[in-house]
Amino acid sequence: MVRSISILGCTGSIGRQTAAVAQHLGIRVAALTANRKIDLLEQQARLFHPSFVAVYDESAAKAFKIAVADTDIRVGSGMEGLIEAATLAESDCVVTAVSGAVGLKPTLAAIDAKKRIALANKETLVCAGEIVMARSKETGAEIVPVDSEHSAIFQCLMGRGEGELHKILLTGSGGPFRGRRREELESITPEEAVRHPNWSMGAKISVDSSTLMNKGLEFVEAMHLFGVRPEDIQVVIHPQSVIHSMVELVDGTVIAQLGVPDMGLPIQLALTYPERKASMFEHLDFWKLRDLSFEEPDLENFPCLRLAMDCAKRGGTAPCVMSAANEVAVHKFLRHELGYNRIYDAAAEAVEQVGVVPAADLDTILAADQAARVFVKEHF
Ligand code: MG
């Protein structure tokens, strides 16, 4: 079990839950970072007494420094601050709960510093999967996924030998609009899209879950994390979200990981791994569980998943461009500036128009990310 952690993105949904789990387990929170929500950050800082806090936004960092002037907390800012939090000597694990490409550099810095990565930042693997996995192999830094699906696959593969895996069964609830046709989705509002039936999450990922883009991003991540080809991953819709994903072994045996749909569970495992500790979460009651059902994903009416699977096959900067374009489009949708179905159009057109090159290094990846953002801002 880890003793001391840095939480990157501590004011978001995963960051807040990580802080609660750390408190439950008696793990020290040595560093916190946030973008600009300094009121909540100050509450967390006063509760956990970290040695170091970084605020990404420069002017918010100045205000935060004044707010905690009565404490001995060191305050940093910008990318430099995020990297300092990610490499703090005191921390043996870095929880990467920031959203967006801003998570890339700090994650790589933490890998170089041989920290355990409790990975919750999607862009790390979607955009830089090859670089990140190669670097972690080099330095020996463990990557333990926090996303429920990848945590499930990770758990199903514990103790398995090379060559035993036949395929990954990546499950997803299908989102709140499962069963609807694309024409019917035209008028979906942000308020409807952020209401997920099973999981409580931030606004952006809730919209991604409803379009199935989230499952698509997870598809790309799974490919890198577990070193498999796109054809080795099958997406299975499982509306109850009790099974969090499965693996099929070469002999036909299927191993599934089940639990209540609460992100606290995979967060806790990322911190206690390879041990297990009693948690503060509900346990499953199989007398109350009724039907667990499964179906094929609807790629016709939810084309974001198909797009992501195509981008996974294309490789290079394709998943990064798609993900960045999607992010800008989702934020436009959340501000009522873009229709629901236009989110897919923006991501698909960005991949065609921005173009795809090999993801050779971080600069190439960040340039692709930027180009995709500019494309959507200008054309949608
Ligand atoms: Mg997930």
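**A buried asparagine and beyond**

Guide: Let's start with N341, whose side chain meets that of E186 in a polar contact of 3.3 Å. A polar contact here is a pair of N or O atoms within 3.5 Å; within protein, one must be able to donate a hydrogen and the other to accept it, and residues adjacent in sequence count only if both atoms are side-chain atoms. Before going on, please keep in mind that this is a predicted model, where local features need pLDDT of at least 70 and side-chain atom pairs count only at pLDDT 80 or more, while totals for chains, interfaces and linings use all residues. Residues are numbered from 1 along each chain as its sequence is written, and side-chain values use heavy atoms, with hydrogens and water left out.

Back to N341: its side chain also reaches the backbone oxygen of R182, at 2.9 Å. N341 sits in the loop between helix 14 (318-334) and helix 15 (342-354); helices (H or I, at least four residues) and strands (E, at least two) are DSSP runs numbered from the N terminus. With a relative accessible area of 6%, N341 is buried. Buried means under 20% relative accessible area, exposed means over 50%, and partly exposed is in between, using a 1.4 Å probe and protein chains only.

Next come the aromatic rings. The whole structure holds four aromatic pairs. One of them joins F333 and Y340 edge-to-face, with 5.5 Å from centre to centre and 65° between the planes. Rings of Phe, Tyr and Trp (its six-membered ring) pair if their centres lie within 6.5 Å; planes under 30 degrees apart count as stacked, over 60 as edge-to-face and the rest as tilted. F333 is buried at 2% relative accessible area, and Y340 counts as buried at 3%. F177 joins F333 and Y340 in a cluster linked by ring pairs.

What about cysteines? A search of the whole structure turns up zero disulfides, a disulfide being a pair of cysteine sulfur atoms within 2.5 Å. C304 is in no disulfide, and its nearest cysteine sulfur, that of C311, is 10 Å away. C304 is buried, with 2% relative accessible area. C320 is likewise in no disulfide, although the sulfur of C127, the nearest one from a cysteine, is 3.2 Å away. C320 is buried too, at 0%.

Now to the metal. D147 (OD), E149 (OE) and E218 (OE) coordinate the magnesium ion at 2.1 to 2.3 Å. D147 belongs to the loop between strand 7 (143-145) and helix 7 (148-156), and E218 to helix 11 (residues 213-225), so this pair ties together parts that are 71 residues apart in sequence. Donors are N, O and S atoms within 2.8 Å of the metal (3.2 Å for Na, K and Ca), and because water is not among the atoms, sites may look incomplete. The donors follow the spacing D-x1-E-x68-E. D147 counts as buried at 13% relative accessibility, and E218 is buried at 1%.

Strand 7 also brings us to the sheets. It is an edge strand, as is strand 4 (74-77), each pairing on one side only, in an open sheet of seven strands with parallel pairing and the order 4-3-2-1-5-6-7. Two strands pair if DSSP finds at least two bridges between them. Inside this sheet, strand 1 (residues 4-8) runs parallel to strand 5 (residues 93-96), joined by four bridges, and L8 stands opposite T96. Strand 5 also pairs with strand 6 in the parallel sense over four bridges, with V94 and I117 as bridge partners. Strand 6 (residues 116-119) is covered on both faces: R116 and A118 on one side, and I117 and L119 on the other, are all buried.

A second open sheet has four strands in the order 9-8-10-11, with mixed pairing. Its edge strands are strand 9 (233-237) and strand 11 (254-258). Strand 10 (residues 243-249) and strand 11 pair in the antiparallel sense over five bridges, and I243 has L258 as its bridge partner in strand 11.

G26 counts as exposed, at 63% relative accessibility. Its C-alpha atom is 8.3 Å from that of R3, which is 23 residues away along the chain.
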